[in-house]
Amino acid sequence: MHEDGHDSGKATLSTWQAWLRQARFFAEEAYSARYRGAIARARRDEDDLFMLMVFSEVMGVPNPASYYTLELQPLMLERFHDWHRRMGMERSPLDHFTCC
Amino acid sequence: MSAIVLLVIGLGGMALGYFVYSKLIAERIYRLDPRFKTPAHEFEDGVDFVPTNPFVLWGHHFTSVAGAAPIVGPAIAVIWGWLPAFLWVILGTIFFAGVHDAGAIWASVRNKARSVGALTGDVVGKRARSLFMVVIFLVLLMVNAVFAVVISRLMMDFSSAVVPVWGAILVALVIGQLIYRRMLSLPVVSILGVVALYGLIFMGPSVPIQMPESVGGMSGNAIWILILFGYAAIASLLPVWVLLQPRDYINGLQLFIGLLVLYGAIVLLNPTMVAPMVNDNVPEGTPSLIPLLFVTIACGAISGFHGLVASGTTSKQLDKETHARFVGYFGAVGEGALALAAILAATAGFASLGDWQAMYAGFGQGGVTAFVEGGAFIIHNGLGLPEATAATLLTVMAALFAGTTMDTGLRLQRYIFQEWGMIYGIGWMQKGAPATLLAVGTCLLLAFGAGGADGSGGMIIWPLFGTTNQLLAGLTLLVVTVMLVRLKRPMWYTLAPLCFLLVMTVAALLTQLRSFYNEGNYFLLFLDLVVLVAAILVALECAATLKQQRRTAARQQE
């Protein structure tokens, strides 16, 4: 008897949790779906500026922080191809390393 | 007549439209295919193209298209009696709006989720595309000017709503931060936000703020309009997550709560329709019902603005093509339900016919004020909420809708100016702040130019806004019709609404042209002429394109 009560209590709890998850999913989607694009674009713009700073020295623009940004170059390399294409350059602008 | 009967007939009619007519349209005309790979899957990028749950997508589509317009339009149009407005809203939703909205999604989905503007260029021609841009610009211009006037009037008439309306912005800012910094989970934040908003609404009547009738030689109305544009300009420049996103979210929640409260109160109170069925005794200066009814109610019956939302964002997130029926058509039904609530509030929410006639003493009067007062009467008597609180609740609902439309509209207008700056190589116009100033300037010119220095006459442009909106819908219907002709499918389901819209729009423009001329309002006369030229060009474009398409189709058959 006691076991039954315990089980049904557990079942109710998991139903509630499932319901809460569902509510959370709908709320999150309702909040973010409409502006996902706008926010991602704004973020990409910021990243683009950062990318320019990291690679500025390589392109002949003096950068006082180049000692530090040099360390970041390998981390940013993955995104370099997309970046230069987005900036309107079909091919890599750098002579010494070509990604495409 | 009992309001419940009307409510049941109205909702029943729209439900029938959804279950029967939209099925026919979806299966026989658009032939929506569950196996078709939608752009959301084809170009999935997690940013713009995201396959989305149909209920979530419906919620977005509905809250994006539903604003203050389906409240203001019907609340003005009941001056001719409740029956004409009721019939146009119900039949318009079933045969016009649903077909148009679902059609816009379908057309876009079948063309790589391109926007209706771009589609007009591809499907109809370059000329039509330029025309489309002009019409969009005019719609945005008018919507911003008109909504500023609507809110300023509400602020003047219902001083109890000033604190909650501006407080809602603060609530949105806080919510935005809480969510952005992930301090609390979203359901908790939602509940807190709604509680805070309704707390402000309940507090509103005890802290009224009344703008003086005149400040430094300017009327209170005019001051509010200036403040509103100042706010909208700043809001449209802020990153979207700071204000726009949380504000839209809270508004969406509030839309559902407001609709439930209003419909619940109508069912509990069962008020009688106080206004006449057809008003034989319209105030002097009221234009004739045909054609003006069909442009006074645009949103709620058919609205071109929906096509922009449907093809701009909704089509990029459609998981399956068959969802276009639910998202598009049922979205239109939701908007029809909002318009129906506005009609019932503005006609049944009065104690006597005399009260109603006093409210509708002239064309363009009544409107959203009638909706608020009538709705407050119904909620007070049906649910027992104090009348001042109920009025504050509805004012906040209408003002917040109009407000979000304004900041989105101003943002879009800024983009258009920036694009023009790029096309014509004008450097300063490509920057955010000057382009926003230009957008605000043109809107202010319209708000004050239309109705004198106090800005209160800006409502005169409401029917003109309706006509422009209908023209936009006409262009979308043209795109859908041309696609249907090319696919050799029946075209009358979209061509008939298109022809009806064009005839009514041109007739309404001519009627208004005469009245602007008689009043000596040359500013609006000029604007009317611009829209008229656009309307005639749209009609010519329709005739030419369809003739050419049919000739091509006939040649192919030979």
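I started with K112(B), which sits in the loop between α5 and α6 of chain B. The model is a predicted one, and I kept that in mind for each entry below.

K112(B) is not a glycine, yet I found a positive phi of about 55 degrees for it. Most residues other than glycine have a negative phi.

For R110(B) I read a relative accessibility of 34%, so I put it down as partly exposed.

Which residues does R110(B) touch, not counting those up to four places away in sequence? I listed R31(B), D33(B), F36(B), E321(B) and M483(B). I also checked R110(B) against S315(B), which is 205 residues away along the chain. The C-alpha atoms of these two are separated by 9.3 Å.

**Entry: R31(B)**

R31(B) came up as a contact of R110(B), and I looked it up next. I placed R31(B) in the loop between α1 (3–29) and α2 (39–42) of chain B. R31(B) has a positive phi of about 45 degrees and is not a glycine. Its relative accessible area is 43%, so I recorded R31(B) as partly exposed.

**Entry: a cis peptide bond**

Most peptide bonds are trans. The bond from I290(B) to P291(B) is cis, and I read its omega as near 10 degrees. I traced P291(B) to helix α12 of chain B, which spans residues 289–296.

**Entry: cysteines**

How many disulfides are there over all chains? I got 0, with a disulfide taken as a pair of cysteine sulfur atoms within 2.5 Å. For C299(B), the nearest cysteine sulfur is that of C443(B), 17 Å away, and C299(B) is in no disulfide. Is C299(B) buried or exposed? Its relative accessibility is 6%, which means that C299(B) counts as buried, the limit being under 20%.

C499(B) is in no disulfide either. There the nearest cysteine sulfur belongs to C542(B), at 7.5 Å. With 38% relative accessibility, C499(B) counts as partly exposed.

**Entry: chain A as a whole**

What radius of gyration does chain A have? I noted 25 Å, whereas a compact globule of 100 residues would be near 13 Å. The box filled by the C-alpha atoms of chain A, taken along the principal axes, is roughly 80 × 30 × 25 Å.

I then looked up burial and contacts. Of the 100 residues of chain A, 20% count as buried. Considering contacts between residues at least 6 apart in sequence, I found that 35% join residues at least 24 apart.

The surface came next. Chain A exposes about 7,600 Å², and carbon and sulfur atoms supply 59% of this. I counted 12 positive and 15 negative side chains in chain A. The centres of these two sets lie 6 Å apart.

Notes
Residues are numbered from 1 along each chain as its sequence is written. Chains are lettered from A and ligands numbered from 1 in the order in which they are written. This is a predicted model: local features need pLDDT of at least 70, side-chain atom pairs count only at pLDDT 80 or more; totals for chains, interfaces and linings use all residues. Side-chain values use heavy atoms; hydrogens and water are left out. The radius of gyration is taken over C-alpha atoms; the globule rule is 2.2 Å times the number of residues to the power 0.38. Buried means under 20% relative accessible area, exposed over 50%, partly exposed in between (1.4 Å probe, protein chains only). Contact means heavy atoms within 4.5 Å. Accessible areas come from the Shrake-Rupley method with a 1.4 Å probe; for residues, only the protein chains shown count as cover. Lys and Arg count as positive and Asp and Glu as negative; His and the chain ends are not counted. The place of a charge is taken as NZ of Lys, CZ of Arg, CG of Asp or CD of Glu. Helices (H or I, at least four residues) and strands (E, at least two) are DSSP runs, numbered from the N terminus.
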